[in-house]
Amino acid sequence: MKKNSGGILRPTSLRGSGLRRSGTAALLGVTAATFAVPAIAQEVEDEEEIQLETLQIEDRAADVNPYTSQGAPYKARVSADPRRVKPLAETPATITVVTETQMEEAGTTDLKEVLRLQPGVTIGTGENGNAFGDRYIIRGEEARSDVFVDGLRDPGMTTRESFAVDQVEITKGPSSTFAGRGASGGAVNAITKSASTDYSFHKVDLGVGTDSFWRGTLDTNWALGENVAVRANLLYANQDVPDRDPAYRERWGAAVSGLVRVSEDVRVQLDYYHLTAKDRPDLGVYVAASDENGYGETFDDLPSYAQDEDFLKSDVDTVTGRIFITPMDGFEIVNSTRYGKSHNGYVATGARGDSTGGSISLSTHQGWQDVSYFVNQLNVIGRFETAGLAHNLIVGSEYSDHKVRNGAYETSTQGATNCEVAGWGGVRPAYCITDANGEQIIEDGAIRSLLQRDITKGSWDSLWHMRTLSFYAMDTVDVTPWLSLNGGVRADAIDFALSTYSASSDARSDYYINDTLWNGHAGVSLKPMEELMLYFTWSTGSNVNGGESDLGSNCGYGGLCVDQNVPLSAGKPESSESFEVGAKWDLFDDRLLLTVAAFQTTKDDVYETAGRGSDYTPSGSLNTGKTRVKGIEIGLVGNITDRLSAQIGGSIMDAKVLDSYSADNIGLTLANFADNQVTGQVRYQATDAFAFGVTGTYKSAMYAGQPDAAASYNAQIGRYTFRVPSSTVFDAFAEYKFNTNFSARINVQNIGDEDFYTAAYRSGAFLYKGDERRGTITLTGRF
């Protein structure tokens with residue numbers, strides 16, 4: 001660690017070991033000396049310096065998250081992104097951090113579950129179900145491609161696990177200066193566990209629970225001398241979806257990190273990550289369309305209609321190399337390179353209603369995607385003074401090459417049809433689970449074999465290739481101890497190619513776009529007192545036409561918007577602009593942080609689709625939409641008392657369509673957008689050995705439709721067409737430490753066994769169902 005001229009302690013490198021280091025022998029000497037702090041304290045006159053150095057040594061242990069505050073494991077002190085040069089309490093942005101301790105105690109394992117518990121974030125779905133894994137919406141804006149791992153974009157829209165994660169950082173508001181193209185509503189950055197040369201340690205977690213829950217993880221670090229270390233995290237997990245047989249989830253993964261300290265000022269880190277996630281997905285329950293009598297009925301008791309042959313599978317492999325160089329005091333060079341591949345595919349069963357009656361029939365949703373991704377990112381970070389001003393300057397560049405091949409599965413059903421339904425294609429034979437009166441006509445156990453599909457992998461239908469060369473510069477200037485200015489600018493030069501292919505007509509089309517996206521941020525921070533910061537910030541985000549990789553030339557959901565009557569070059573990049581004013585109050589020796597922020601984000605030149613019957617072709621101008629989200633978000637995280645810890649957050653937001661190809665859309669809210677959200681995780685340390693806590697989440701109602709656009713609305717009856725009901729869900733946990741080596745934790749998720757839903761299918765029909773009650777016990781050994 002180093003102390004800059006403004007008196008702020010910051011890591012001088014990304015995490016390379018459990019201890020914060022500058023990589024110099026001088027700091028090693030300071031670290032050793034702090035073991036004798038009581039004696040030194042009597043000899044040093046600068047009391048503030050002694051407090052800072054004491055924090056430095058007490059705060060670190062190689063086997064815990066190195067970014068949290070001492071004695072407050074729920075509260076992250078700093079971001080792991082070296083471009084966030086200030087502690088989080090002094091960073092002029094809303095950044096929610098979920099630490100490893102929080103995830104473990106809450107029992108959340110998939111990143112989707114971690115984000116579902118955060119205010120301002122909702123879970124989305126894709127046409128044809130959940131298109132290729134996890135999908136997120138931040139402050140009303142699409143964020144499915146804005147997921148990063150250790151500051152580098154994560155290749156592919158895959159299932160993401162937490163077994164090798166130290167903390168998850170959720171930046172809210174446009175942040176393209178840091179993230180690059182996209183990030184119109186925010187970005188998610190997962191920070192992985194790294195090898196440490198401090199000492200060897202080993203941790204084993206073994207979990208068992210209801211609904212055939214099994215989960216085992218191993219976290220082992222080997223310090224092979226002072227300069228070499230290897231760390232491995234291993235996972236195997238298998239579970240049935242509670243009360244939704246035959247749906248299940250299975251995971252196995254490995255993350256290996258190696259560290260070599262070449263010299264005092266140079267270290268090299270090499271990481272490998274693999275995850276296989278195999279699910280039989282449950283697409284939830286059926287919801288009827290609204291009518292003049294109210295919002296449509298949600299069929300809470302509808303049994304799982306997943307078929308035996310259904311699957312959702314992701315295979316992810318990435319290799320990441322990093323070089324950390326400290327050429328001189330106050331300067332650091334970080335170069336990161338990643339190559340990754342993922343293979344994703346799904347065939348899932350959905351529900352739909354008969355347009356003339358009450359029958360619920362089954363539908364097929366499918367697709368596959370192969371991804372390869374290369375990126376190299378260079379950051380040069382300098383901390384220096386000029387003319388009495390303290391600078392934290394970052395200059396960087398990034399080159400990425402992202403290739404995606406999308407295709408479809410060929411499916412045929414061998415099971416006997418049992419009804420006829422009317423729909424967009426007219427009256428046709430179908431597979432029904434209820435009759436026209438809504439009565440179930442098939443026993444639960446027989447539903448799983450109703451369709452009896454044959455599935456083969458079909459040919460590709462789109463080749464998506466995005467190459468980007470980026471340059472950025474940003475600076476935080478401490479004008480005085482109470483006044484800081486910050487700003488940055490980024491240019492992303494885009495070289496985009498898309499080929500589409502129709503096997504039925506043997507027709508191929510090729511499209512090309514070259515564009516440069518400019519984005520920036522600026523702000524001012526005031527500190528009227530040491531613990532309190534007031535700030536104002538402005539930021540932007542933008543994305544090129546076709547910036548989402550999973551839709552080819554389908555304009556719906558972010559695919560390339562093309563029209564034979566409109567030149568391709570007429571499509572402008574979608575752009576977002578945000579203003580935020582806020583306050584952060586750091587209390588109790590950096591152990592409790594209170595935050596409040598008011599914000600407004602406006603997204604312009606939004607790509608829209610022209611409605612049912614022409615869903616995937618633009619109508620007239622390619623950029624016809626404009627939306628606005630404004631709101632207030634509050635948060636509290638850290639230790640309220642020595643025994644009571646919490647992270648509590650809430651958001652009150654309002655979304656509105658300001659402009660659209662259709663005047664009927666103007667004034668409507670956005671799809672899959674919750675106006676009000678409150679979440680909290682509270683932990684009480686009853687004794688030195690026993691602790692317990694509760695997690696609660698409230699989300700107001702949402703409505704189906706295309707993300708980034710108006711929710712589906714029936715003007716004739718004056719109601720949104722398909723509604724996701726509001727929900728309140730509580731989880732509980734309790735932990736007992738037998739000794740320093742062994743402990744046990746009990747988790748009960750959804751303790752009230754509530755029926756709740758995380759998202760609506762784009763065109764309605766079914767709602768994604770949250771898990772029903774589950775109980776687990778986890779035994780932990782530390783050696």
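Is Arg 139 buried or exposed, and what is its relative accessible area? Arg 139 is buried, at 2% relative accessible area. Buried means under 20%, exposed over 50% and partly exposed in between, with a 1.4 Å probe and protein chains only. The model is predicted: local features need pLDDT of at least 70, side-chain atom pairs count only at pLDDT 80 or more, and totals for chains, interfaces and linings use all residues. Residues are numbered from 1 along each chain as its sequence is written, and side-chain values use heavy atoms, with hydrogens and water left out.

**View 1. A salt bridge joins Arg 139 and Glu 580.** The N to O distance is 3.2 Å. Arg 139 sits in the loop between β7 (136–138) and β8 (141–142), and Glu 580 in strand β30 (residues 574–587), so the pair ties together parts 441 residues apart in sequence. Glu 580 is buried too, at 4%. A salt bridge here is a side-chain nitrogen of Lys or Arg within 4 Å of a carboxyl oxygen of Asp or Glu. By this rule there are 43 salt bridges. Strands (E, at least two residues) are DSSP runs, numbered from the N terminus.

**View 2. Asp 478 forms a salt bridge with Lys 86.** Their closest N and O atoms are 2.8 Å apart. Asp 478 belongs to strand β26 (residues 453–480); Lys 86 lies in the loop between β4 (72–76) and β5, 392 residues apart. Asp 478 is buried at 8% relative accessibility. Lys 86 is buried at 7%.

**View 3. Asp 279 meets Arg 251 in a salt bridge.** The closest N and O atoms are 2.5 Å apart. Asp 279 is in strand β17 and Arg 251 in strand β16, so the contact ties together parts 28 residues apart in sequence. Both residues are buried.

**View 4. Tyr 286 and Phe 299 form a tilted aromatic pair.** The centres are 5.4 Å apart, with 50 degrees between the planes. Tyr 286 is in strand β18 (residues 285–286), and Phe 299 in the loop between β18 and β19. Both are buried. Rings of Phe, Tyr and Trp (its six-membered ring) pair if their centres lie within 6.5 Å; planes under 30 degrees apart are stacked, over 60 edge-to-face, the rest tilted.

**View 5. Arg 84 lies over the face of Phe 178.** Its distance from the ring centre is 3.8 Å. The rule asks for NZ of Lys or CZ of Arg within 6 Å of the ring centre and within 35 degrees of the ring normal. Arg 267 lies over Phe 324 at 4.1 Å.

Terms used
Helix = DSSP H or I, 4+ residues; strand = E, 2+ residues; numbered from the N terminus.
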